[in-house]
Amino acid sequence: MKKNNSKKYAKALFQIASESAEANKIGESLGMIEPLYDKEITDFFSNPFVDEGMKSILIKDTFPVMPEIMYGFFSMLIKKNEMKILPEIIEKYRKLVMDFQNIVEAKVVSIEKIDEASLSEIRKILGKLTSKNIVLEESIDKSLIGGIIIETDNLVIDGTIKGKFEAVRQELIK
């Protein structure tokens with residue numbers, strides 16, 4: 001089984017972006033290439049019978065405003081037949097950028113929309129816990145009985161009634 005190199009490619013792209021004056025353009029470019037995530041398109045780029053040069057020309061023609069660095073990056077992925085892991089590379093790259101900018105994404109799940117004052121308080125508390133700037137993504141889950149769930153990459157706070165019942169149940173089992 002072939003090893004997934006998405007982290008290695010993300011780090012390389014991040015290093016190139018950090019060293020170049022086009023770091024912002026590279027970030028914008030990654031945002032506009034989402035159509036390349038489609039399975040049929042990744043199958044096309046993984047097809048060994050399609051000429052590598054044709055694949056590179058297709059990217060240049062489809063995305064003419066990308067920095068030259070990005071065309072080189074895509075050419076390398078095409079030559080190494082790694083275009084299929086592009087979504088993973090982009091996700092890992094995005095996490096590297098956020099970490100560099102001292103930002104953590106947190107997801108807040110509740111039964112109804114949370115008011116801005118409460119969200120601000122959540123941001124402040126999470127900021128103290130993580131020592132980072134917090135970007136909140138709010139979602140509604142009507143199946144919750146009450147309370148909220150807060151998730152980051154390495155932290156889960158379950159303040160729901162269901163979560164508290166589950167904790168009590170686990171204690172009783174012990």
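Is N81 buried, partly exposed or exposed? N81 counts as partly exposed because its relative accessibility is 30%, where buried means under 20% relative accessible area, exposed over 50%, and partly exposed in between (1.4 Å probe, protein chains only). This is a predicted model, in which local features need pLDDT of at least 70 and side-chain atom pairs count only at pLDDT 80 or more, whereas totals for chains, interfaces and linings use all residues. Residues are numbered from 1 along each chain as its sequence is written, and side-chain values use heavy atoms, with hydrogens and water left out.

**Nonpolar cores**

- The largest nonpolar core holds 25 residues; a nonpolar core is a set of buried Ala, Val, Leu, Ile, Met, Phe, Trp, Tyr and Cys residues joined through side-chain atoms within 4.5 Å.
- At least two residues of this core come from each of α1 (6-19), α2 (23-32), α5 and α6, with helices (H or I, at least four residues) and strands (E, at least two) taken as DSSP runs numbered from the N terminus.
- The largest share of this core, six residues, is supplied by α5.
- A second, separate core has ten residues, including V108, I114, L119 and I134.
- Within the largest core, the residues with the most contacts are I33, I59, F74 and M83.
- M83 touches L36, T42, F45, I59, F74, L77 and I78, leaving out residues up to four places away in sequence; contact means heavy atoms within 4.5 Å.

- T42 is located in helix α3 (residues 39-46) and is buried, with a relative accessible area of 10%.
- A polar side-chain atom of T42 lies 2.9 Å from the backbone oxygen of K39; a polar contact is a pair of N or O atoms within 3.5 Å, where within protein one must be able to donate a hydrogen and the other to accept it, and residues adjacent in sequence count only if both atoms are side-chain atoms.
- The backbone oxygen of T42 in turn lies 2.8 Å from a polar atom of the S46 side chain, and S46 also belongs to helix α3.
- Apart from neighbours within four places in sequence, T42 contacts L36, Y37, M83 and K84, while S46 contacts K55, N81 and K84.

**Positive phi angles**

- Most residues other than glycine have a negative phi.
- N81 has a positive phi near 55° and sits in the loop between α5 (68-79) and α6 (86-100).
- S131, which is not a glycine, has a positive phi of about 60°; S131 lies in the loop between α7 and β2 (133-140) and counts as exposed at 57% relative accessibility.

**Surface patch**

- I125, L129 and I157 make a nonpolar surface patch of about 260 Å².
- L129, in helix α7 (residues 116-130), counts as exposed at 54% relative accessibility.
- Accessible areas come from the Shrake-Rupley method with a 1.4 Å probe, and for residues only the protein chains shown count as cover.

**T160**

- T160 lies in the loop between β4 (156-158) and α8 (161-173) and counts as buried at 2% relative accessibility.
- The T160 side chain reaches the backbone nitrogen of G163 at 2.9 Å.
- Not counting residues up to four places away in sequence, T160 touches L144, G146, G147, I148 and I149.
- From C-alpha to C-alpha, T160 and L58 are 50 Å apart in space, and they are 102 residues apart in sequence.

Terms used. Patches are made of residues with over 30% relative accessible area and no salt bridge: like charges are joined within 9 Å, nonpolar side chains (Val, Leu, Ile, Met, Phe, Trp, Tyr) within 5 Å. A salt bridge is a side-chain nitrogen of Lys or Arg within 4 Å of a carboxyl oxygen of Asp or Glu.
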